[in-house]
Amino acid sequence: MPDQAEALFLRSDELADLADPADYVDAVREGYRDRGTGAPAAPRTRLDSEAPPGFLSGYLAILPTVGAMGGYTYAAGFRSADAHFALPLFDAESGEPLAVLDGASLNPFKTAAAGAVAVDALAREDASDVAIIGSGAQARGQLRTTATVRELRTVSVYSPTKDHRETFAAEMNEELEATVAAVASSAAAVEGADVVVTATNASEPVFDGSLLADGTHVTAMGQYHPDKREVDATTVSRATYVPDLRDRLDQDAGAYLHALEDGAIDADHVHAELGEVVAGKAPGRTSPDEITLFDSGGTAIETVAAGYMLYERASEAGLGEELAFAPASQALTGR
């Protein structure tokens, strides 16, 4: 069939060494800047299955200035008891397919980049002491990217399993210039922190919001479920509240919904979307004593922006396997 569009299939191992944390942050910042000037993005759709148990999830964004559109679709659980991620990319002008990425390996990096963009936009310029609640892949990514936007002095990490937090601290202590130490409680981590990052799968708040010092920035990125939250109503009510997308607030922003239901906030508590701050459409931090909160549930903004950056680099390096896509004008014949 003539005039087929050629797209690249890119494997996870081909993507692994194409970008460092700062590259992801730069790409994702431009994605949120695009969103802040009106680029369309839709919140996550999640379909749950009881038999067999698992879920299918996905979300979409069009980033005209970045030059790409697409999304993320992934399945978790089911009989494989695992997860698999697919990231299709299309040209934002022509609509033609550009690539399909095996998307699991980039997940912690693109998510972490969104957190770092928020730190850069909302944390104090002199923020140097960080608390990390969590010690898995997402926590590693958040710390690595945060270190690209602020000069870190100390990092305190807490997670419930002692061996996990100590291993995390030892690894990150070798990698970063900051002093990284495991602590015995979330309260000890949060005390005196300039930036607090939660990267957990917890269903209930992982620290007491009354412990936050004036001027702290919080990034909560581990939950996207209406009945689950990593931060309490006190944190939400004390903070200038910035989500990734307003449209997801009534859907899966558990911390916001709990605070609203508790009467700690009202519906106009939302300050702005992150993209609006990045694009200069809304102010970020307005005083050194202000507490700020970025509620990150995951969007296709960071996924498409990071995926397109990797696609461009893979193309330049001659990586990937070409796939042919027939245009609907030729293939959608019903014959």
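This is a predicted model: local features need pLDDT of at least 70, side-chain atom pairs count only at pLDDT 80 or more; totals for chains, interfaces and linings use all residues.
Biologist: Which parts of the chain does the pair of F55 and Y74 tie together?

Modeller: F55 belongs to strand β3 (residues 53–63) and Y74 to strand β4 (residues 68–77), so the pair links parts that are 19 residues apart in sequence. Both F55 and Y74 are buried. Y74 has another partner in Y72: with the centres 5.9 Å apart and the planes at 65°, that pair is edge-to-face because planes over 60 degrees apart count that way. Y72 is buried, as is Y74.

Biologist: Which residues form one aromatic cluster?

Modeller: The members are F55, Y59, Y72, Y74 and F85.

Biologist: Which rings have the charged end of an arginine over them?

Modeller: There are two cases to look at here. The charged end of R46 is placed over the ring of F55, 3.8 Å from the ring centre. For R44, the ring is that of Y224, and the distance to its centre is 3.5 Å.

Biologist: Now for the pockets. What shows where empty space is left?

Modeller: The idea is to roll a probe the size of a water molecule over the atoms. Here the largest pocket holds about 860 Å³ of space. Its lining has 35 residues, and the closest to the pocket centre are Q138, T200, N201, G222 and Y224.

Biologist: Which elements give two or more residues to that lining?

Modeller: Strands β2 (41–50), β3, β4 and β5 (82–91) do, along with helices α3 (107–122) and α4 (137–149). By class, the lining of the largest pocket divides into 15 nonpolar, 16 polar and 4 charged residues.

Biologist: What is the volume of the second largest pocket, and which residues line it?

Modeller: The volume of the second largest pocket is about 170 Å³. Its lining consists of A147, R150, E151, L152, E175, L176, E177 and A178. Sorted by class, that gives 4 nonpolar, no polar and 4 charged residues.

Biologist: Let's return to T200. Where does T200 lie, and is T200 buried or exposed?

Modeller: T200 sits in the loop between β10 (195–198) and β11 (217–220). Its relative accessibility is 18%, so T200 counts as buried, the cut-off being under 20%.

Biologist: Which residues is T200 in contact with, leaving aside its neighbours within four places in sequence?

Modeller: Those contacts are with I133, G134, V206, G222 and E230. As for Q223, which is 23 residues away along the chain, its C-alpha atom is 7.5 Å from that of T200.

Biologist: Which residue with a positive phi follows α9?

Modeller: That is G263, with a phi near 80°.

Key:
Residues are numbered from 1 along each chain as its sequence is written. Side-chain values use heavy atoms; hydrogens and water are left out. Helices (H or I, at least four residues) and strands (E, at least two) are DSSP runs, numbered from the N terminus. Buried means under 20% relative accessible area, exposed over 50%, partly exposed in between (1.4 Å probe, protein chains only). Rings of Phe, Tyr and Trp (its six-membered ring) pair if their centres lie within 6.5 Å; planes under 30 degrees apart count as stacked, over 60 as edge-to-face and the rest as tilted. A charge sits over a ring if NZ of Lys or CZ of Arg is within 6 Å of the ring centre and within 35 degrees of the ring normal. On a 1 Å grid over the protein atoms alone, a cavity is a set of points where a 1.4 Å probe fits but cannot get out, and a pocket is an open set with protein on both sides within 12 Å along at least five of seven lines; lining residues have an atom within 4 Å of a point. Grid points are joined across faces, edges and corners, and a volume is the space filled by probe spheres set on the points. Ala, Val, Leu, Ile, Met, Phe, Trp, Tyr, Cys and Pro count as nonpolar, Asp, Glu, Lys and Arg as charged, and the others, Gly among them, as polar. Contact means heavy atoms within 4.5 Å.
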